[in-house]
Amino acid sequence: MIADEPTFARLMTASQGGDRRAYTVLLTEAQFWLERYFRRRVPPAQIDDLVQDVLLSIHAKRATWDETRAFLPWLAAIARYRWVDHLRRVYRSSESELGDQDAADDNGEDAVLARMSLDRLFVQLTPAQCSAIELVKIKGLSVTEAAIQAGQSESLIKVNIHRGLRKLSALVEEAD
Amino acid sequence: MAYRPNPLIAQLAGELEPVRPLRMRHGLAVVAVAIVLTIAAVALWQGLWSGPAKGHAAAIFFVANGLIALVGLASARTVVRMAAPRVGVRQDGARWLLAALAILPVTALLSAALKGAVGSYGHAADGLTCFIAGTASGVGVAAALIFWLRRGAPVAPNVAGFYTGVAAGALGSFAHGLSCPFDTIGHLGIWHVAPVAASAALGRLAVPVLIRW
């Protein structure tokens, strides 16, 4: 079972004070939380790298969490930021097919996680932007393949990816 | 969920040092110091206009400078808050204030058009001086906000850059405005609002690369 908000907050407060044991537990729980968070929107083969990126970001920016505020929205904001970065970086990979293991676990997804999920970002995009990003940046199709599958021209696919990523970047904190 | 030891976690925990959490009030204090220093510099360099104290200033002087200052303060607060990210925050307040600020140039242009005097903003030399001085006066606030953002973790660098520009332009223009004796809507609505627009564009273009992490 993944730690809840009060547990995360308590561990983070102790970690900011230099408690290495609490920090180890915090990062381990954060790793579980992040693996679950990214599962639906990141190919399995890329989740580990992305989670490591976020853990490094948590470490570098741990002073930016304020104990008077909730921990998970802070963690989700950093996770989204790194995810948008990741989308910009990824290119076609043979290992990029999404797994289907998330469907079985969806019932257990708690309300907090759902409210801050990556899907909430995607609903802010137009259907054309959403489909272009999903096909090229998440499923790993080439622009040509995505154009055929989405029924858009190649240049439109590129424009939709560019505009969609720009919009995602601006919405990291706003969309909940 | 199965536990898999992660060497990175052990390494990060080994490097852990205590940190002082970033407090919003400290960020606001940094901005406040920058504003006070900017006003002091304007007072020393150009001298503050005595008109408002003597009751010689038109009402629009207070309305325009008050609105410009409010936009600057709201934007600066938005930027300071953006250094500590969290999902579920919107910048609606600052957006509405920006829309309210647009009333000034629109009124200035409408007023000039109705009087048939669009081309007569002939005090353009004075206006241009105010535009340049107002924009330049925002440097201190911009530096303070960039410093704060670099300490923090802004997750929307483009938006943070835009509001940094708005805050710097507005607070710089406000500080310079305290020394400017032109208290007409034509002058204030155009030349004292222009630094906000120019700085916002500059902030949007230049700041993101400085604060990305």
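Two residues are in contact if their C-beta atoms, placed from the backbone, lie within 7 Å. The exercises below use this rule on a predicted model.

**Exercise 1.** Describe the secondary structure of chain A and the sequence separation of its contacts.

Solution. Step one is to list the elements: chain A has ten helices and zero strands. Read from the N terminus, the order is therefore α-α-α-α-α-α-α-α-α-α. Step two is to take the contacts in chain A between residues at least 6 apart in sequence; 69% of these join residues at least 24 apart. Step three is burial: of the 176 residues in chain A, 37% are buried.

**Exercise 2.** Check whether the length of helix α1 of chain A agrees with its number of residues.

Solution. The helix covers residues 5–16, which is twelve residues. The expected span is 1.5 Å times one less than the number of residues, so α1(A) should span 16 Å. Its end C-alpha atoms are 16 Å apart, and the two values agree. After the helix comes Gly18(A), with a positive phi near 100°.

**Exercise 3.** Find which residues of α1(A) are buried, and on which side of the helix they lie.

Solution. A residue counts as buried if 20 or more other C-beta atoms lie within 10 Å of its own. In α1(A) this picks out Phe8(A), Ala9(A), Leu11(A), Met12(A), Ser15(A) and Gln16(A). Because they cover an arc of only 165° around the axis, they are on the same side of α1(A).

**Exercise 4.** Describe the side of chain B that touches chain A.

Solution. Start with the counts: 28 residues of chain B are in contact with 36 residues of chain A. The elements of chain B giving two or more residues to this side are α1 (7–14) and α9 (157–177). Of the elements, α1(B) gives the most, with four residues. By class, the side has 19 nonpolar, four polar and five charged residues.

**Exercise 5.** Name the residues that touch the most other members of the largest nonpolar core, and list the contacts of Leu145(B).

Solution. The largest nonpolar core has 97 residues, and Ile78(A), Val141(B), Leu145(B) and Ala167(B) touch the most other members. Setting aside neighbours within four places in sequence, Leu145(B) is in contact with Val31(B), Ala76(B), Val79(B), Thr164(B), Ala167(B) and Ala168(B). Another core, of ten residues, lies apart from the largest one; among its members are Leu135(A), Ala146(A), Ala147(A) and Ala150(A).

Definitions and conventions
Residues numbered from 1 in each chain as written. Chains lettered and ligands numbered in written order. Predicted model: local features only at pLDDT ≥ 70, side-chain atom pairs only at ≥ 80, totals over all residues. Buried ≥ 20, exposed ≤ 12 C-beta atoms within 10 Å, placed from the backbone. Nonpolar A, V, L, I, M, F, W, Y, C, P; charged D, E, K, R; others polar. Core = buried A, V, L, I, M, F, W, Y, C linked by C-beta atoms within 7 Å. Arc of directions from axis to C-beta.
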